[in-house]
Amino acid sequence: MTDEDLVLLLQQGDQGAFRELYERYKTQTLRTAYLITSNRILSDDIVQETFLKCFTQIKGLRNPKVFRSWLYKILVRTAWDMNKQQKALLPSEEFMDALLESYHGTVDPAEEDDYEQLYQAINSLHIKQRTAIILYYFNGLSVKEIAQATQSLEATVKSQLFLARKYLKKALSEVEGKGGVA
């Protein structure tokens with residue numbers, strides 16, 4: 001069943017459709033919230049708040065085809081708002097290992113430091129640039145979808161991605177120069 005079908009069922013009051021959408025997106029939204037905030041506890045709260053807003057506002061979604069972008073719009077805004085209220089904590093080792101595993105199956109110990117450096121560089125970006133990078137590379141959203149999710153112009157998203165890539169390239173090349181990244 002597609003997202004669109006589930007949204008239509010949910011708009012008609014089918015709570016099973018909500019559970020299916022939640023199961024479909026809970027891992028992605030948790031990972032995205034964590035990458036934006038660097039705080040596992042806050043990420044859980046963000047995801048919970050996002051799905052609560054989704055459930056209560058779903059009848060206002062006029063085009064069920066854009067559910068994914070709409071969900072990420074709620075997630076990003078919630079993450080930004082809640083992040084302002086909380087001081088970000090250092091990422092836990094456990095989550096970093098899980099993140100590495102989710103993208104690479106088994107992590108070569110020789111590459112582990114490279115991913116740690118990449119994560120630290122991404123985490124040091126301004127929150128809006130970090131959000132654009134995360135949505136683009138980790139969640140596969142298009143520039144247009146990111147613009148919708150962040151309520152920005154497509155040109156702004158392109159600029160954020162450009163500046164973030166430029167910063168990451170510089171930061172990682174400096175680490176490489178120090179013997180950190182191979």
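These exercises, with worked solutions, cover a predicted model of one protein.

**Exercise 1. Fold inventory**

Task: State how many helices and strands the protein has, and give the order of its elements.

Solution: 
- Step 1. Count the elements. There are nine helices and zero strands.
- Step 2. The order is α-α-α-α-α-α-α-α-α.
- Step 3. Check burial. Of the 182 residues, 42% are buried.
- Step 4. Check contact range. Take contacts between residues at least 6 apart in sequence; 65% of them join residues at least 24 apart.

**Exercise 2. The nonpolar core**

Task: Find the size of the largest nonpolar core and the residues with the most contacts inside it.

Solution: 
- Step 1. Size the core. It holds 48 residues, and Ile58 and Phe67 have the most contacts inside it.
- Step 2. List the elements that give two or more residues to this core. They are α1 (3-11), α2 (15-37), α3 (40-57), α4 (67-85), α6 (109-123), α7 (127-138), α8 (143-150) and α9 (154-177).
- Step 3. Pick the top contributor. That is α4, with 10 residues.
- Step 4. Look around Phe67. Leave out residues up to four places away in sequence. Phe67 then touches Asp3, Val7, Leu21, Tyr25, Cys54, Ile58 and Leu61.

**Exercise 3. Packing of α3 on α4**

Task: Classify the packing of α3 and α4 from the angle between them, then describe their contact.

Solution: 
- Step 1. Take the geometry. The angle is about 135°, and the axes lie 9 Å apart.
- Step 2. Apply the cut-offs. Roughly perpendicular covers 65 to 115 degrees, and roughly antiparallel needs over 145. Therefore α3 is oblique to α4.
- Step 3. Assign the hand. α3 passes α4 in a right-handed crossing.
- Step 4. Name the residues. From α3 come Leu42, Asp45, Ile46, Glu49, Thr50, Phe51, Lys53, Cys54 and Gln57. They meet Phe67, Trp70, Leu71, Ile74, Leu75, Thr78, Ala79, Met82 and Asn83 of α4.
- Step 5. Sort by class. The contact of α3 with α4 has 11 nonpolar, four polar and three charged residues.

**Exercise 4. Packing of α1 on α2**

Task: Repeat the analysis for α1 and α2.

Solution: 
- Step 1. Take the geometry. The angle is about 140°, with the axes 8 Å apart.
- Step 2. Classify. This angle makes α1 oblique to α2.
- Step 3. Assign the hand. The crossing of α1 and α2 is left-handed.
- Step 4. Name the residues. α1 uses Asp3, Leu6, Val7, Leu9 and Leu10, while α2 uses Ala17, Phe18, Glu20, Leu21, Arg24 and Tyr25.
- Step 5. Sort by class. The contact of α1 with α2 has eight nonpolar, no polar and three charged residues.

**Exercise 5. Backbone exceptions**

Task: Locate Ser38 and Gln151, and give the phi of Ser38 and of Gln151.

Solution: 
- Step 1. Recall the background. Most residues other than glycine have a negative phi.
- Step 2. Take Ser38. Its phi is positive, about 60°, although it is not a glycine. Ser38 sits in the loop between α2 and α3.
- Step 3. Take Gln151. Its phi is positive too, about 55°, and it is not a glycine. Gln151 lies in the loop between α8 and α9.

**Exercise 6. Thr32**

Task: Decide whether Thr32 is buried or exposed, and list its contacts.

Solution: 
- Step 1. Apply the cut-off. Buried means under 20% relative accessible area. Thr32 has 0%, so it counts as buried.
- Step 2. List contacts, leaving aside neighbours within four places in sequence. Thr32 is in contact with Tyr72, Leu75, Ile134, Leu135 and Asn139.

Conventions. Residues numbered from 1 in each chain as written. Predicted model: local features only at pLDDT ≥ 70, side-chain atom pairs only at ≥ 80, totals over all residues. Heavy atoms only, no water. Core = buried A, V, L, I, M, F, W, Y, C linked by side-chain atoms within 4.5 Å. Buried < 20%, exposed > 50% of the residue type's maximum accessible area, 1.4 Å probe, protein only. Helix = DSSP H or I, 4+ residues; strand = E, 2+ residues; numbered from the N terminus. Contact = heavy atoms within 4.5 Å. Axes fitted to C-alpha atoms, helices over the stretch in contact; angles between N-to-C directions. Parallel < 35°, antiparallel > 145°, perpendicular 65-115°, else oblique. Left-handed = near helix turned anticlockwise from the far one by under 90°. Nonpolar A, V, L, I, M, F, W, Y, C, P; charged D, E, K, R; others polar.
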